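Here is a short tour of the model shown below, one topic at a time. Keep the viewer open as you read.

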Amino acid sequence: MEKVDNKCFNGQTPPASFLLFQQNRMITSLFKMFLFELEEMLDEHLISEKYFKQQRKIILDLANSHIREFEEHLEKFDI
């Protein structure tokens, strides 16, 4: 049987750590897709460099905000 590593994410219990890790991974993946699409639009000259930079900042800010908000909500539960 494979040994399970009990290291926790952000000092949380193993179940909470698992939820935080998976949620962060999914949010990061989703917002990376948005960034890739935005970069593709820039490469195809469908948007300006200025618009690209503005939208990139918005996307990154939203991703970070969602991750922080989920962590705050999870702290309210005993998991």
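## Helix α2

In this predicted model, α2 is a helix of 26 residues that reaches 38 Å from its first C-alpha to its last, close to the 38 Å expected at 1.5 Å a residue. If you colour the helix by burial, Phe 52, Ile 59, Ala 63, Ile 67 and Leu 74 are its buried residues. These buried residues of α2 pack against α1.

## Helix α1

Now for the partner helix. With 30 residues, α1 reaches 43 Å between its first and last C-alpha atoms, close to the 44 Å expected at 1.5 Å a residue. Its buried residues are Ala 16, Ser 17, Leu 20, Asn 24, Ile 27, Phe 31, Leu 35, Leu 38 and Leu 42. The cover over the buried residues of α1 includes α2, which runs over residues 49–74.

After α1 comes His 45, a residue with a positive phi, near 60°.

## The nonpolar core

Which residues make up the largest nonpolar core? There are ten in all: Ile 27, Phe 31, Leu 35, Leu 38, Leu 42, Ile 47, Phe 52, Ile 59, Ala 63 and Ile 67. Both α1 and α2 supply at least two residues each to this core, and α1 gives the largest share, five residues. As a background note, nonpolar side chains tend to be buried together in soluble globular proteins.

Once neighbours within four places in sequence are set aside, Ile 27 is in contact with Ala 63, His 66 and Ile 67.

Pro 15 belongs to helix α1, which covers residues 14–43. Is Pro 15 buried or partly exposed? Its relative accessible area is 45%, so Pro 15 counts as partly exposed. Along the chain, Pro 15 and Ile 79 are 64 residues apart, yet their C-alpha atoms are separated by 6.3 Å.

Ile 79 also takes part in a nonpolar patch on the surface, together with Phe 18, Leu 19 and Phe 77. Together the four residues have about 410 Å² of accessible area. One of them, Leu 19, is found in helix α1. Leu 19 has a relative accessible area of 36% and is therefore partly exposed, whereas Leu 20 in α1 is buried.

Terms used: Residues numbered from 1 in each chain as written. Predicted model: local features only at pLDDT ≥ 70, side-chain atom pairs only at ≥ 80, totals over all residues. Heavy atoms only, no water. Helix = DSSP H or I, 4+ residues; strand = E, 2+ residues; numbered from the N terminus. Buried < 20%, exposed > 50% of the residue type's maximum accessible area, 1.4 Å probe, protein only. Patch = residues over 30% accessible without salt bridge, like charges linked within 9 Å, V, L, I, M, F, W, Y side chains within 5 Å. Areas by Shrake-Rupley, 256 points an atom, 1.4 Å probe, with all protein chains shown as cover. Salt bridge = Lys/Arg side-chain N within 4 Å of Asp/Glu carboxyl O. Expected span 1.5 Å × (residues − 1). Contact = heavy atoms within 4.5 Å. Core = buried A, V, L, I, M, F, W, Y, C linked by side-chain atoms within 4.5 Å.
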